[in-house]
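Hello,

Here is the structure I promised to pass on to you. Have a look at it first, and then read on for what turned up in it.

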Amino acid sequence: MKIFKIAYLLLFACFVLVSSCDRDTVDQTDVDLMVPTVEDVTINPLMSSLTETEDVQLDLGCFTLNYPFAVVDIDGETYTISTDSEWETVLVEEETEIVDFVYPLEVTYSDGETVVVEDGEALFDAFATCPPQGGWTAEGFPAYEINFENSCYTIVYPIALVDLAGDELLVNDEEELVTAVTSAPHFFVFPFSLQHQDGEVIEVNDIDEIFNALFSCSGWDSTDSTGVDWETGLEYVGCYTIEFPLDVVNGEGEVVTVNNHMELCDLMLYGDFAGYAYPLSLIAEDGTVTVVNSEDELHAALEECPGWDWGNGAGDESLAMLLILLDSQESTNGCYTVNFPVMLIQEDGTTVVANSLEDLGENTVGVELPIFVTLSDGNISSINIFEDVFTLFEDCQ
């Protein structure tokens, strides 16, 4: 939605993998293939990620399967898959009940690295360590195996997970976590603890805090004036969208190209994003393109955004929500009207009554919540968090 472009918060994040890397084929002529036994049939739970769709699907989290590969069906028959059409034929036209892969497999990660997966256990481990490809909400963050191989933090066990039905599960180690997340979607139950490579243990109490911790692995401080907010989407920087592809600086100081916000999100959650490489193109709400050539120029551009207070970081969320609601109520064709008066919070902590937008002064730093809006059907809705704003805009469509 265009309205997201005026979100006051800085960029961000992230991710279903759409790999644009060339896939190297693997010559399995001289390789001893391991075909799973099917006498006591156990269906590989990851197979549903690839087979429960009519479209050709080769994505498994942060990596894709490379052609050729082989699979085995419930009767023990194997099929070599070399093209999309062959995969579609086996799954759709022949309605074959595939239960597992034939190992080894070759896969390519989003950064272009190609590796060989030797067996099912290695495949589960690879899948479990992929950062979630989207799927987070204000209520849940998909669980995955956070360790020193993919982050500067590792999980302190035991932790609790919850599934889609709301049932909680206690996991005591990495092995139990891998079993859980490869069998069905699970979400972290907050709070839980992470241990840094330097030995420090921190507690993460919500999605903001887990993002902040993971992003900090590349030196990115999402609590300062270049803060990141997961709710606004990685395509947005303040009140601008950013133009892809673009160059960024990774954790090792190298300049790399990212083709979309999904790839950028991968870098950030792996702690491998240190900042933008300039020039950077910013697209305003009216389509105007501003090219910034340094961090100072980016700061100057962001100061033009509604609700942005560079000296105090990304501004106050409550004030940003009010400004977005007021700026957008006409473009939603009368879907809602912001109810006045509202109580404005001043720099010194006092409150003043505002009866219109004109009453907002330079010393205003926030708004007492909730903000109430009257809908076109006469009902009144309350706005307490940014997700309420997004829900309102979606309902107005």
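Helices and strands here are DSSP runs (H or I of at least four residues for helices, E of at least two for strands), numbered from the N terminus. There is another cis bond from Y67 to P68, with omega near -10 degrees; P68 is found in the loop between β2 (63-65) and β3 (69-73). As background, most peptide bonds are trans.

A word on how to read all this: it is a predicted model, in which local features need pLDDT of at least 70 and side-chain atom pairs count only at pLDDT 80 or more, while totals for chains, interfaces and linings use all residues. Residues are numbered from 1 along each chain as its sequence is written, and side-chain values use heavy atoms, with hydrogens and water left out.

On confidence, pLDDT (the predictor's confidence in each residue, from 0 to 100) averages 75 for the protein, and 75% of the residues score at least 70. Residues 1-41 have a pLDDT below 50, yet this stretch has 159 contacts in the model beyond near neighbours in sequence, a contact being heavy atoms within 4.5 Å. Over residues 223-229 the pLDDT also stays under 50, with 27 contacts beyond four places in sequence. Where pLDDT is low, the predicted coordinates should not be read in detail.

Now to strand β6. Five of its five residues are buried, so β6 is largely enclosed by the rest of the structure; buried means under 20% relative accessible area, exposed over 50% and partly exposed in between (1.4 Å probe, protein chains only). L105, V107 and Y109 point one way from β6, and E106 and T108 the other way. Strands pair if DSSP finds at least two bridges between them. β2 and β6 run antiparallel, joined by three bridges, and T64 has T108 as its bridge partner in β6. On β7 (residues 114-117), β6 pairs in the antiparallel sense over four bridges, with E106 opposite V116. β6 and β7 form a hairpin with four residues between them, and G112 in the turn has a positive phi of about 95 degrees.

How many aromatic pairs are there? The count comes to ten, where rings of Phe, Tyr and Trp (its six-membered ring) pair if their centres lie within 6.5 Å, with planes under 30 degrees apart stacked, over 60 edge-to-face and the rest tilted. F63 and Y109 have ring centres 5.4 Å apart and planes at 55 degrees, so this pair is tilted. F63 lies in β2 and Y109 in β6, so the pair ties together parts that are 46 residues apart in sequence. F63 has a relative accessible area of 0%, and Y109 also counts as buried, at 19%. F141 and F211 form an edge-to-face pair, 5.3 Å centre to centre with 85 degrees between the planes. Ring pairs also link Y67, F69, W87, F101 and Y103 into a cluster.

Lastly, the cores: a nonpolar core is a set of buried Ala, Val, Leu, Ile, Met, Phe, Trp, Tyr and Cys residues joined through side-chain atoms within 4.5 Å. The largest has 48 residues, of which I146, F188, L194, Y276 and L282 touch the most other members. Helix α5 gives the most to this core, with six residues. A second, separate core of 26 residues includes M47, L65, L105 and F127.

Best wishes
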